[in-house]
Amino acid sequence: MSPPIALAGPIGVLGMIAVAAAAAIALAWPSRRGRALGRAGALVLSPVLLVASLSGSSTLESVGRHPAPAAVAGLVGLAALLVLARVLAARPEALAVLAVLAVPFRVPIQAAGATANLLVPLYLVIAAGTFADVVPQLRPPAGIPPESEAAGGWSPSWLERVLAASVLLYAIQGAYSDDAEKALQQMVFFYVPFSLLYALLADRRWDLPVLRRCLIALVGLALVFGALGLYEWQTKTLLLNPRLSLSNDFHAYFRVNSFFFDPNIYGRFLALVTVAVMGTMLHLRERRTLIAGAVVLLGLWGSLLLTLSQSSLAAMLFGLAILAALHWSPRWTLAALGAIVAVALAAVLLFPSQTGIDLRSSRTVNTATSGRVDLIDGGVQLFASRPLAGYGSASFAREYRRRHRRGGTGQAVSASHTIPITVAAEQGILGLALYLALLVLAGRLLLRGARRSAARAVVAAAFFALVLHTFTYADFLEDPLTWVLLGVGSALAAATRGDRDRAATRSAGTAI
């Protein structure tokens, strides 16, 4: 296989930084027109880099062998994009529901000798929504001076600036990574399209009907996926992921992944939907709706148990605890959490044979956590070796295998399964500082005023449930749900600020 064109020397590095800069501008440029130019640039550059990164792969070789069907498929795809963009231009409120419906669906595609499970339906929604938004902004109605556009729409805050800096730093640090090819793919497949998704969602008005339709869509998807997972468990056959099938063959237990390629990502999705349903129920009063919600929760909990994903279960419990703190009392919630942790720790200490965890033995802890102790230890060693700038974006797997070989072969590892460790090893103190700043700013944005709004409480609880999941698994900014929750949370916070400003204006007018 020939090397990808996009990574042939400095051209690939410049292309990766250029598309990251366009995404950063789309997130944080002060003027609305400037952000539109950034979004247009990212929309154009991403496909170019994507095609270049696939150069020499089986995907493009197949296209070369069948040019006519490929051309027809390309025209059909372009037509679908334009039709969808026209629909979204006429009905912008449909974007939110379409994005929610598209988030879980991944399509396996051969890229650079490996199979990547890509969010192709979501990419289509993002591209169509961006096109529908950008064209009118770049061609404003006659008689409106460009300067007046800065006053419209959302204004970037420190959260958007840190997100933009995170995207740009990831691209810059990909320049010296030993796995620059993967860094480029991460940028094109995740960071750039999700930046555009954030911009689309943060610039929407999330009123009650839109929120209700999105919740119904999420619950419907979760129940369908749950039914598929139950089918897998009953028949002991998996719909996707042959590697998981092989793992199930060697264990007494059977894990399901439904329509997802990973039971932990499937469990994460179920955990977040569970948090959303419970958060909604806390503010409902109608008995019939509460009963229906309880039935849905039972189905979601059963589906989550079949994944055997401990990280997803912990994330769900953490999200529910945040809902309890926001709805009732933070002090009593913290006390209850402390009691639960104390009981769990006592059980581990007093009954190590029954729990399978002996805290005096790092080997048993490592086995009980599926090798995470070794991964964390290796990540800490990588960080200690290059604390300032790390080994470069997307380099963890390759650097870990290089340092920690077992019998001449590297461990099958893609990340440390603890996002702060991955960030520290790959991006050093610079990336870790941005990551921590992002968490602080997101917490401040999402939690402020969340006790007075059911929607904001749900978004905040779901976001921090996802954050906890990333502490024990992977994918933070590589997960579209992170950007969806931040985008929706930003829009809801901006709407709350606008309502307060209008109320203050009315009060001042009345006083006068």
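This is a short talk about how side chains pack and pair in this structure.

Okay, some ground rules before we look around. What we have is a predicted model, so to speak of local features we ask for pLDDT of at least 70, side-chain atom pairs count only at pLDDT 80 or more, and totals for chains, interfaces and linings use all residues. Residues are numbered from 1 along each chain as its sequence is written, and side-chain values use heavy atoms, with hydrogens and water left out.

Let's start inside. A nonpolar core here is a set of buried Ala, Val, Leu, Ile, Met, Phe, Trp, Tyr and Cys residues joined through side-chain atoms within 4.5 Å. Buried means under 20% relative accessible area, exposed is over 50%, and partly exposed is in between, using a 1.4 Å probe and protein chains only. The largest core has 123 residues, and the members touching the most others are Leu122, Leu163, Met187, Trp206, Phe269, Phe463 and Phe476. Which helix gives the most to this core? That's α8, residues 180–202, with 15 residues. Helices, by the way, are DSSP runs of H or I with at least four residues, strands are E runs of at least two, and both are numbered from the N terminus. There's also another core lying apart, with six residues, including Tyr391 and Tyr400.

Leaving out residues up to four places away in sequence, Phe269 touches Pro104, Leu218, Leu221, Ala222, Phe225, Phe260 and Leu481, where contact means heavy atoms within 4.5 Å.

That brings us to the rings. Rings of Phe, Tyr and Trp (its six-membered ring) pair if their centres lie within 6.5 Å; planes under 30 degrees apart are stacked, over 60 edge-to-face, and the rest tilted. The whole structure has 15 aromatic pairs. One of them joins Phe105 and Phe225, edge-to-face, at 5.7 Å centre to centre and 65 degrees between the planes. Phe105 sits in the loop between α5 (94–102) and β1 (107–111) and Phe225 in helix α9, so this pair ties together parts 120 residues apart in sequence. Phe105 is partly exposed at 26%, while Phe225 is buried at 2%. Then Phe260 and Phe269 make a tilted pair, 5.6 Å between centres and 40 degrees between planes. Ring pairs link Phe105, Phe225, Phe259, Phe260, Tyr266 and Phe269 into a cluster.

On to charges. A salt bridge here is a side-chain nitrogen of Lys or Arg within 4 Å of a carboxyl oxygen of Asp or Glu, and the count comes to eight. Take Arg204 and Asp133, which meet at 3.3 Å, N to O. Arg204 is in the loop between α8 and α9 (208–235) and Asp133 in helix α6 (residues 120–138), so the bridge ties parts 71 residues apart. Are these two buried or exposed? Both Arg204 and Asp133 are buried.

Next, Asp178 bridges to Arg402, with the closest N and O atoms 2.8 Å apart. Asp178 is in the loop between α7 (158–174) and α8, Arg402 is in helix α18 (residues 396–403), and the two are 224 residues apart. Close by in the numbering, Asp179 and Arg398 form a salt bridge at 3.7 Å, N to O. Again, Asp179 is in the α7–α8 loop and Arg398 in helix α18, so that pair ties together parts 219 residues apart. Asp179 is buried at 14%, whereas Arg398 is partly exposed at 35%.
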